[in-house]
Amino acid sequence: MSLTQERLWVMANMDGAASAAYNEPMPFELRGPLDSHLLIQALHLLSARHEALRTRLVPAGDPALQVVDPPETGFPVTFGNLAGLPDAVERFARARREVECTPFRLGKEPMARCCLVALEPEYDLRLLAAHHIIFGGWTRSMPLRELGLVYTALQRGRDPSLPELTWQ
């Protein structure tokens, strides 16, 4: 791990319990027609491309070891359709808290997750959260931009190829 990652690892585990203080929530409103299956496929392709999205930090000495899961692991994403439900607002608030405020189990799961919530026929919300160890500053913009490019390519029936990564 880098020195910054080591510092965040130690701070995230200081009290003996994982904390959500280092979760980076990224909610997005999506208006218009959305193919949720293609968006989920795009997230899986992005996870295969970026090792950080498949990395777990496993305690192994001082302070942890990075374990990169195989590309076919996929991206942890759930889907909920709340359209037309009388308690949709409450269910959405609960889903948002779960995605954004649940501490990551750093050694047991990847450090990013997503929940796609349909609120109306053409109104969806994407709730994305990542641990600050893997997401922060400029590292946040590249995968999000690529997600749009991959989704658009899939939607148009094209190969979602992106330029080779120069580093992971």
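**Close-up views**

**View 1. Contacts of T102.** Setting aside its neighbours within four places in sequence, T102 is in contact with A20, N23, R97 and R113 (contact: heavy atoms within 4.5 Å). The model is predicted, and local features need pLDDT of at least 70, side-chain atom pairs pLDDT 80 or more, while totals for chains, interfaces and linings use all residues. Residues are numbered from 1 along each chain as its sequence is written, and side-chain values use heavy atoms, without hydrogens or water. T102 sits in the loop between α3 and β5 (helices are DSSP runs of H or I, at least four residues, and strands runs of E, at least two, numbered from the N terminus). With 32% relative accessibility, T102 is partly exposed (buried is under 20% relative accessible area, exposed over 50%, partly exposed in between; 1.4 Å probe, protein chains only). The C-alpha atoms of T102 and A20 are 5.9 Å apart, although 82 residues separate T102 from A20 in sequence.

**View 2. The salt bridge of D69 and R56.** The side chains of D69 and R56 form a salt bridge with an N to O distance of 3.0 Å (salt bridge: a side-chain nitrogen of Lys or Arg within 4 Å of a carboxyl oxygen of Asp or Glu). D69 belongs to the loop between β3 (65-68) and β4, and R56 to strand β2 (residues 55-58), so the pair ties together parts 13 residues apart in sequence. D69 and R56 are both buried.

**View 3. Other salt bridges.** The count of salt bridges in the model comes to 7. One of them joins R31 and E29, with the closest N and O atoms 3.3 Å apart. R31 is exposed, at a relative accessible area of 61%. D87 and R91 form another, with closest N and O atoms 3.1 Å apart. D87 is partly exposed at 28% relative accessibility, and R91 is partly exposed at 37% relative accessible area. R105, E109 and R113 are linked in a network of salt bridges.

**View 4. The largest nonpolar core.** This core has 41 residues, of which F75 and I134 touch the most other members (nonpolar core: buried Ala, Val, Leu, Ile, Met, Phe, Trp, Tyr and Cys joined through side-chain atoms within 4.5 Å). At least two residues of this core come from each of α1 (3-12), α2 (36-49), α3, β5, β6 (123-131) and α4 (141-155).

**View 5. The largest cavity.** The whole structure has 1 cavity of 30 Å³ or more (on a 1 Å grid over the protein atoms alone, a 1.4 Å probe fits in a cavity but cannot get out; a pocket is an open set with protein on both sides within 12 Å along at least five of seven lines; lining residues have an atom within 4 Å of a point). The largest cavity holds about 80 Å³ of space (the space filled by probe spheres set on grid points joined across faces, edges and corners). Among its lining residues are M26, L53, F75, A112 and F135. α4 gives the largest share of the lining, 3 residues. The lining divides into 12 nonpolar, no polar and no charged residues (nonpolar: Ala, Val, Leu, Ile, Met, Phe, Trp, Tyr, Cys, Pro; charged: Asp, Glu, Lys, Arg; polar: the others, Gly among them).

**View 6. The second largest pocket.** This pocket contains about 270 Å³ of space. Of the 18 residues lining the second largest pocket, T78, E98, V99, C114 and C115 lie nearest its centre. β4 (77-81), α3 (88-101) and β5 (112-120) each supply at least two lining residues, and α3 gives the most, with 5. The lining of this pocket consists of 10 nonpolar, 3 polar and 5 charged residues.
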